[in-house]
Amino acid sequence: TTAYEVRARWMSGLQSVFLRDIVMDVPREDTIRATVYGQFAELNLSLTVEECVTPDTLFRSDCDVVLDSADSCCGAYKQFVVIVEGTCDSQAPHVRDLEIKTIELDELVISTGYEWL
């Protein structure tokens, strides 16, 4: 038996993305790189936390809900950076082997309202 069951049901705001800048460069002779800077206007997470090991739940098959919230995370104006690189070629397709090199995202803090959780 687990002490807590945590369920992230959905996240909204992923379509609120705003691209601030895209920088293209050539770090090596045969490589092209795109660095994308952006932010999410607002991200919200629907989260439930259930406590499953308490005296009143020991003989039941369900848990006590201690948190049921649609705004436990993540907040406004979360910035991100994505770096994508590809190999350049003189024959089509001219950009090949695209690879995501880096994904950086501002810290996402889950707030429960309980210090002990």
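Q: What makes Cys73 and Cys74 a disulfide?
A: The sulfur atoms of Cys73 and Cys74 are 1.7 Å apart, and because a disulfide is defined as a pair of cysteine sulfur atoms within 2.5 Å, this pair qualifies. The model is a predicted one, in which local features need pLDDT of at least 70 and side-chain atom pairs count only at pLDDT 80 or more, whereas totals for chains, interfaces and linings use all residues. Residues are numbered from 1 along each chain as its sequence is written, and side-chain values use heavy atoms, with hydrogens and water left out.

Q: Why is the disulfide of Cys73 and Cys74 given a handedness, and which one?
A: The torsion about the S-S bond of Cys73 and Cys74 is about 85°, and the disulfide is therefore right-handed. Both partners, Cys73 and Cys74, are buried, a word that stands for a relative accessible area under 20%, with exposed meaning over 50% and partly exposed the range in between (1.4 Å probe, protein chains only).

Q: How many disulfides does the structure hold, and what pattern do they follow?
A: The structure holds two disulfides, and with bonded cysteines counted along the chain their pattern is 1-2, 3-4.

Q: What makes the rings of Phe40 and Phe80 a pair, and why is the pair called stacked, tilted or edge-to-face?
A: Rings of Phe, Tyr and Trp (its six-membered ring) pair if their centres lie within 6.5 Å, and planes under 30 degrees apart count as stacked, over 60 as edge-to-face and the rest as tilted. By this rule the count comes to one aromatic pair. The ring centres of Phe40 and Phe80 are 5.3 Å apart and their planes stand at 40°, so the pair is tilted. Phe40 belongs to strand β3 (residues 31-51) and Phe80 to strand β5 (residues 74-88), so the pair ties together parts that are 40 residues apart in sequence.

Q: How do you know whether Phe40 and Phe80 are buried or exposed?
A: The relative accessible area is 15% for Phe40 and 12% for Phe80, and because both values are under 20%, both residues are buried.

Q: What makes the link between Ser69 and Ser72 a polar contact?
A: A polar contact is a pair of N or O atoms within 3.5 Å; within protein, one must be able to donate a hydrogen and the other to accept it, and residues adjacent in sequence count only if both atoms are side-chain atoms. The side chains of Ser69 and Ser72 are joined at 3.1 Å, so the distance meets this limit. Ser69 lies in strand β4 and is buried, because its relative accessible area is 13%.

Technical notes. Helix = DSSP H or I, 4+ residues; strand = E, 2+ residues; numbered from the N terminus.
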